[in-house]
Amino acid sequence: MATRGEFSSKFGFVMAAAGSAVGLGNIWGFPTQVASNGGAAFVFVYLVLTFVLAYPVLMAELLVGRYAKSNSIDAYPKITNYKKSAFLGVWGTLTVSSILAFYSIVGGWLMAWALHYFTSLIGLTAIAAWLVEFSFERNILFTVLFSILTLLIVRQGVAAGIERWSVRLMPILLGLMSILIVYVGLQRGASEGWSVFIFPNFSRVFDIDLAISAMGQAFFSLSLGVGTMLIYGSYLSKSENMVSIGALVALVDVGVAILAGALIIPAMYVAQASGVDILDGAGNLISGDGLVFTVLPALFDNMRGLASLVPIGFFTLLLVAALTSSISMLEVPVSYITERKSGDRAKACYWVAGAILLASLIILLNFDALFGLVVSLTTEYSQPLLGLFICVIVGWFWNRNQLLEEIRLGNPEIEITLFWKIWPVYLQFVCPLIILLLFYHSFQS
Ligand code: TRP
């Protein structure tokens, strides 16, 4: 078997894992959820759930990966000594592949919109108009282009592809975002947006539906359950301190979500100040694709001169975020096929990307029936359920001494830390209970 890839530095790993975590979930999903769930109340619950629920699961996944040093399907049997536990990897791989199928469609839209602003800037109005029409031809063309970009990076391997590109793209993302936040913050109307974003409506903090949305958001945003973090963990050196590295990834992810909120929510109020409708019929802030493809473009249309670069910057930002995430998704099935079947990464990439593209095509052909369904099944149900299983397997079936040995590598003092006193028990009891409770309520309502 070919030798396994490995991240070449801690910085490289953090950029890649944070690149996976930071994606449309942060820059689009999070502000959207904030808009539709009572502003800062959602921010508060999301932060709590990320640290009490998602971070512990993230640690579990990273550790399973680094211990097993294998793809996600072969990893679980190594810690449980129970062959059938491979189902968890199989289920995760299918889930992440389905997520990538719809994610590539959205990635394609972002490319089309970025190009729209570019082509209208240079006067190609007909092309510019076509680029933002919701046509099957446009959708499939750009889904294919986005998939090719993803494939080209993953084909180059862990250090030369995923790491190299994450290290380049993540700073670009942060730079673009900072410029946009400052620019939008200086516009008329922005301060009202800031206050919605900062002051919670406390009556909604204990809303159970809000908590369920926040849980889904936290799992999606940290790329949990499906093997993405597991596989990245498996490319980490045994000399790294997992506890701090995991915390760093979670912090960057949350930080970028907050920054994105600080960009988008004020931007909505700037749009309002210039006459754009930002409330739907029921008086709630417009969210979802209406926000990204209607409200913000209405704002952008008023921008002239140098400001017309803002929308290009904005959609490029989204595209970059999507790309560092999509590569981490593709890596899950690709690593399995490379390790188990062919040993040939390039070939595995073509086959897997082709199959996922086929799934995207099926979704596009039945868009109204399938798109929302796939999003909801994979992210609201499959991911948290997988998270539940991971807690149970790591908490109950992984030999505690073996787990301690693994986590001690790179962190020799771990036994006397608070983390080790709390986390394992927490993973055994508290996390599964929270997930079950939230599920129970979501079926009740
Ligand atoms: N976390 C990314 C985002 O916020 C998306 C992502 C990457 C993902 N890998 C994943 C989501 C695996 C679920 C599962 O957009």
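Here are a few notes on the ligand site and the overall fold of this predicted model.

1. Ground rules. Numbering starts from 1 along each chain as its sequence is written, and side-chain values use heavy atoms, with hydrogens and water left out. The model is predicted, with local features needing pLDDT of at least 70 and side-chain atom pairs pLDDT 80 or more, while totals for chains, interfaces and linings use all residues.

2. Overall fold. The protein has 18 helices and 0 strands (DSSP runs: H or I of at least four residues, E of at least two, numbered from the N terminus). Its radius of gyration is 21 Å against 22 Å from the globule rule for 445 residues, so it is as compact as a globular protein of that length (C-alpha atoms; the rule is 2.2 Å times the number of residues to the power 0.38).

3. Polar contacts (N or O pairs within 3.5 Å). A ligand oxygen is 2.8 Å from a polar backbone atom of glycine 25. Ligand nitrogen atoms come into two further pairs: 3.2 Å to a polar backbone atom of serine 20, and 3.4 Å to a polar side-chain atom of serine 328.

4. On its own the ligand has 370 Å² of accessible area, and the protein covers 100% of that (Shrake-Rupley, 1.4 Å probe).

Note on methods: A polar contact is a pair of N or O atoms within 3.5 Å; within protein, one must be able to donate a hydrogen and the other to accept it, and residues adjacent in sequence count only if both atoms are side-chain atoms.
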